[in-house]
Amino acid sequence: RPAAPSEPATEAPTAAPTPQATTGEPPPREEPAQMRFAMRAMLPEENCRTALPGDECYKALLWAKHTGIFQHPEWYNGLGASSTMWEFQKFLASSPHVDCPQPCD
């Protein structure tokens, strides 16, 4: 009910200001580890990243190393069955058919 003229109006209690509210900065956010990793991979100063399980690039690497090299060796100039995952990723990073970043040295 609205306050009568003789009763003082009561205000809802306010929370103490946070340090971010006094500095004007947004509150810190907890990012999932996977999102932090993906964001780091997109930073301009980091132009390499090793493909990890779950990445589309990793799936392409596994197929290339365990299937593609045997079915279509002509697609993988300079690579062979004994080539490393790093060598396959380096090769695929230059391919327009697969979205793979350059592997880190």
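1. Basis. The model is predicted, with local features requiring pLDDT of at least 70 and side-chain atom pairs counted only at pLDDT 80 or more, while totals for chains, interfaces and linings use all residues. Residues are numbered from 1 along each chain as its sequence is written, and side-chain values use heavy atoms, with hydrogens and water left out.

2. Overall fold. The protein has four helices and zero strands, in the order α-α-α-α along the sequence; helices (H or I, at least four residues) and strands (E, at least two) are DSSP runs numbered from the N terminus. Of its 105 residues, 19% count as buried, where buried means under 20% relative accessible area, exposed over 50% and partly exposed in between, with a 1.4 Å probe and protein chains only. Among contacts (heavy atoms within 4.5 Å) with a separation of 6 or more, 31% link residues 24 or more positions apart.

3. Helix 3 and helix 4. The axes of helix 3 (residues 56–71) and helix 4 (residues 85–93) come within 10 Å and cross at roughly 110 degrees; axes are lines fitted to C-alpha atoms, for helices over the stretch in contact, and angles run from 0 to 180 degrees between N-to-C directions. The two helices are therefore roughly perpendicular to each other, a class that spans 65 to 115 degrees. On the helix 3 side the contact involves Cys 57, Tyr 58, Ala 60, Leu 61, Leu 62, Ala 64, Lys 65 and Ile 69, which meet Met 85, Phe 88, Gln 89 and Leu 92 in helix 4. These residues divide into ten nonpolar, one polar and one charged, with Ala, Val, Leu, Ile, Met, Phe, Trp, Tyr, Cys and Pro taken as nonpolar, Asp, Glu, Lys and Arg as charged, and the others, Gly among them, as polar.

4. Buried side of helix 4. The buried residues of helix 4 are Phe 88, Gln 89 and Leu 92. They cover an arc of only 100 degrees around the axis, which puts them on the same side of helix 4; the arc is that of the directions from the helix axis to the C-beta atoms. Helix 3 is included in what covers them.

5. Asp 55. This residue is found in the loop between helix 2 (33–42) and helix 3, and counts as buried at 19% relative accessibility.

6. Trp 63. Located in helix 3, Trp 63 counts as partly exposed at 37% relative accessibility.

Note on methods:
Parallel < 35°, antiparallel > 145°, perpendicular 65-115°, else oblique.
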